[in-house]
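Below is a short report for a reader who is meeting this structure for the first time. Please keep the sequence and the model in view while reading.

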Amino acid sequence: MQIPHDYHTHTRFSEDGDDTLETMCRRAIEVGIPEIGFSEHWDVGPNEKNPYFFKPETWYAEIERLRDVFSGQLQIRAGIEIAEPHLYAKETAEVLRRVPFDYVIGSVHWVGSNFMFDAEYFLRHTADEIYSSYFAELEHMVTVSDIDIVAHLDIPARTAIPLLGYEPSRYEEQVRSILEIIICRGLALDINAAGLRKPAKNLMPDPLILRWYAEMGGGRVTLGSDAHRQKELGQYLGEAMDAIRAAGLSHVTQYENRQPRLIHL
Ligand SMILES: [Zn+2]
Ligand SMILES: [Zn+2]
């Protein structure tokens, strides 16, 4: 089964990405993915190591060049992954005016000064404290942010599972209330396979949460490997598609100029 797209990818335009846009495009063609979306990090918070690292104009010029180079072979979308857009509305609006993005992914990487990939933080708190405070922050993010796609809905699990475990059913009420807002606003879920490369071995969101979403009437999902280097492109997206179908969904959503379009799986 062909993987229709990979919408969550990073290049050297992200501070933690390894490869060029062109290398990633060539890799997409090599592994048979017809559409790639680049979603570089836009991080502006006070605790970021490299705030404002991403240079949208230079990046977009290269995307336009590659659209010509790979015309007829590969569809290239211009996305962005904005960290905590609800806390930085002004900076978000400013970056979104700089180039024509096809879609905007919103993420929560920080809850206050706690970084969701910091194992030390997870060791100092209980699982309930960590997940509940994260979901409260995420609810704020999905309520007010100018975004199209919600990144890795239960991201603390990726680091926390080997240390503290994860039982999504303990947070069902909180998560359902987030899903309700996502559905009402017509946002999509990033079905993020990065955890499947890690010791946590988790898909985000957890398949149980994906089932709640489908039951509640949610229908918009995108596929994301969250690749930071070419070899990770498309990785485990077959498993992500299986989880989407197992939840009872039959489409993924593609974006052009921030307009969604459903594609049958
Ligand atoms: Zn992220
Ligand atoms: Zn990412």
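This is a predicted model: local features need pLDDT of at least 70, side-chain atom pairs count only at pLDDT 80 or more; totals for chains, interfaces and linings use all residues.

Residues are numbered from 1 along each chain as its sequence is written, chains are lettered from A and ligands numbered from 1 in the order in which they are written, and side-chain values use heavy atoms, with hydrogens and water left out.

**The zinc ions**

The table lists the donors of each ion; donors are N, O and S atoms within 2.8 Å of the metal (3.2 Å for Na, K and Ca), and sites may look incomplete because water is not among the atoms.

| Ion | Donors | Distances |
|---|---|---|
| zinc ion (ligand 1) | Glu81 (OE), His109 (NE2), His152 (NE2) | 2.0 to 2.2 Å |
| zinc ion (ligand 2) | His8 (NE2), His10 (NE2), Glu81 (OE), Asp226 (OD) | 2.0 to 2.3 Å |

The zinc ion (ligand 1) and the zinc ion (ligand 2) are 3.6 Å apart, and Glu81 coordinates both. Glu81 lies in strand 2 (residues 75-83) and His109 in the loop between strand 3 (103-107) and strand 4 (110-111), so this pair ties together parts that are 28 residues apart in sequence. Strands (E, at least two residues) and helices (H or I, at least four) are DSSP runs, numbered from the N terminus.

Along the chain, the donors of the zinc ion (ligand 1) follow the spacing E-x27-H-x42-H, and those of the zinc ion (ligand 2) follow H-x1-H-x70-E-x144-D. The four donor atoms of the zinc ion (ligand 2) make angles of 83 to 170°, and its site is irregular.

Buried means under 20% relative accessible area, exposed over 50%, and partly exposed in between (1.4 Å probe, protein chains only).

**Helix 7**

In helix 7 (residues 172-184), the residues Val175, Ile178, Leu179, Ile181 and Ile182 are buried. They cover an arc of only 160° around the axis, which puts them on the same side of helix 7; the arc is that of the directions from the helix axis to the C-beta atoms. On the other side of helix 7, Glu173 and Cys184 are exposed. Just after helix 7, Gly186 takes a positive phi of about 70°.

Conventions
Four donors count as tetrahedral if all angles lie between 85 and 135 degrees; four count as square planar and six as octahedral if opposite donors are over 155 degrees apart and all others between 65 and 115; anything else is irregular. The expected span of a helix is 1.5 Å times one less than its number of residues.
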